[in-house]
Amino acid sequence: MKLGIVGAGMIVGDLLSFIQEIPTILLKAICSRPSHQEKLLDFQNKYGISQIYSDYSEMLLNSDVDTVYIGLPNHLHYSYVKEALLSGKHVICEKPFTSNLHEFLELKEIAQQRKLVLVEAITNQYLKNYLSMKEYLPKLGEIKIVECNYSQYSSRYEAFKAGVIQPAFNPEMSGGALMDINLYNIHLVVGFFGSPKKVEYWANMERGIDTSGMLLLDYGDFKCVCIGSKDSTAPNAVNIQGNKGYIHMASSANICDCFDYTANKETPIRVDLKDHPHRMYDEFVEFDRIIGEKDLEKVSDMLEHSEKVMNVIEKAKQSANLIFGPDRPFQSCIEHTGISN
């Protein structure tokens, strides 16, 4: 993979902290707005990135770049992914894929028509402990209750309360707890059980954005609650309860740390297959393989999964609009241009 990176925020720094451990991923370019050029120079010197850009279109003309990683605020994903696909580049897009289902479906069609790789960077779908947990699910018998809690007091919440609105809490930039922190819970549950029959979202609203909320998913035979909070914190956990046993994971859904499988009246079995400390490592190893082999069948599977997740998000938004009424809309997504971090 010959990678071009877009963005200079925290998630890009996270990526660069380990990406050189995958020797077949070559860092060919990085692009961000002109005010970030000093930061890009630091990245270039520290990580050996071939070229830096302040003009995205110019970076896309670089024939040494075959894949673009989009590490920008949520509302910019659609336009930047689309431009990259139309330039013939494979794309790895940070979660959430897009601000709404319509945007996602358009990008999916473009990628499939051009036979390009398009994948969502969502850590848990590739983590070894997540995949192992999936294999343990049949041992639980009939699933009855699923509970996921990912609560983390945001470093930006105090500023938000003071009236300084950053992307994470900006409804016009597709921010909020559902689109950020709770999204990992949705991916985990949909990856395990597919699409729910009914979706309801009960959110705590401040300044027109959900700072925390409970997503209720009805699967018919069992019920699921996904809690995501940026305005408070608690021990993060995933619990999956069946009539023959349960799984307990004492970590957030984006990390998928070790978990315990316990059959009824039996001693817990600890499972931990994690072999790299960084949560993003496994997904980029797989992305490199997918792009190297041009495994479009795997791409199709992952796009189908992401589409199910986007459908849950759409239904959650619709539910919240009904709950809070027309005078308190849950979220509006306005198209922006230009790089912003």
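Me: Is Ala121 buried or exposed?
Reply: This is a predicted model: local features need pLDDT of at least 70, side-chain atom pairs count only at pLDDT 80 or more, and totals for chains, interfaces and linings use all residues. Buried means under 20% relative accessible area, exposed over 50%, partly exposed in between (1.4 Å probe, protein chains only). Ala121 has a relative accessible area of 2%, so it is buried.

Me: In which strand does Ala121 lie?
Reply: Strands are DSSP runs of E with at least two residues, helices are runs of H or I with at least four, and both are numbered from the N terminus. Ala121 falls in the run of residues 118-121, which is β6.

Me: Which residues is Ala121 in contact with, leaving aside its neighbours within four places in sequence?
Reply: Contact means heavy atoms within 4.5 Å. By that rule the partners of Ala121 are Tyr69, Ile92, Cys93, Glu94, Lys95, Glu283 and Phe287.

Me: What do the buried residues of α4 pack against?
Reply: Helix α4 covers residues 77-86, and its buried residues are His77, Tyr78, Tyr80, Val81, Ala84 and Leu85. Just after α4, Gly88 takes a positive phi of about 85°. The buried residues of α4 pack against β1, α3 (56-60), β4 (67-70), β5 (90-94), α5 (101-113) and β6.

Me: Which residue in β9 stands opposite Asn204?
Reply: Strands of a sheet pair through backbone hydrogen bonds, either parallel or antiparallel. β8 and β9 (residues 209-218) are antiparallel, with nine bridges between them. Asn204 stands opposite Ser212.

Me: Which residues make the nonpolar surface patch?
Reply: Patches are made of residues with over 30% relative accessible area and no salt bridge; like charges are joined within 9 Å, and nonpolar side chains (Val, Leu, Ile, Met, Phe, Trp, Tyr) within 5 Å. Areas come from the Shrake-Rupley method with a 1.4 Å probe, and for residues only the protein chains shown count as cover. Met214 is partly exposed, at 40% relative accessible area. The patch spans about 280 Å² and is made by Trp202, Met214 and Leu216.

Me: How many salt bridges are there?
Reply: A salt bridge is a side-chain nitrogen of Lys or Arg within 4 Å of a carboxyl oxygen of Asp or Glu. By this rule the count is 17.

Me: How far apart in sequence are the parts that Asp282 and Lys128 tie together?
Reply: The two side chains meet in a salt bridge of 2.9 Å, N to O. Asp282 is buried, with 12% relative accessible area, whereas Lys128 is partly exposed at 29%. Asp282 lies in helix α9 (residues 281-293) and Lys128 in helix α6, so the parts tied together are apart by 154 residues.

Me: Which residue forms a salt bridge with Lys161?
Reply: The closest N and O atoms of this pair are 3.6 Å apart. Both residues lie in helix α7 (residues 157-161), three residues apart, about one turn of the helix. Lys161 is partly exposed, with a relative accessible area of 40%. Its partner is Glu158.

Me: Which loop holds Lys274, the salt-bridge partner of Asp257?
Reply: The closest N and O atoms of Asp257 and Lys274 are 2.9 Å apart. Asp257 lies in the loop between β12 and β13, so the pair ties together parts 17 residues apart in sequence. Lys274 lies in the loop between β14 and α9.

Terms used. Residues numbered from 1 in each chain as written. Heavy atoms only, no water. Pairing = 2+ DSSP bridges.
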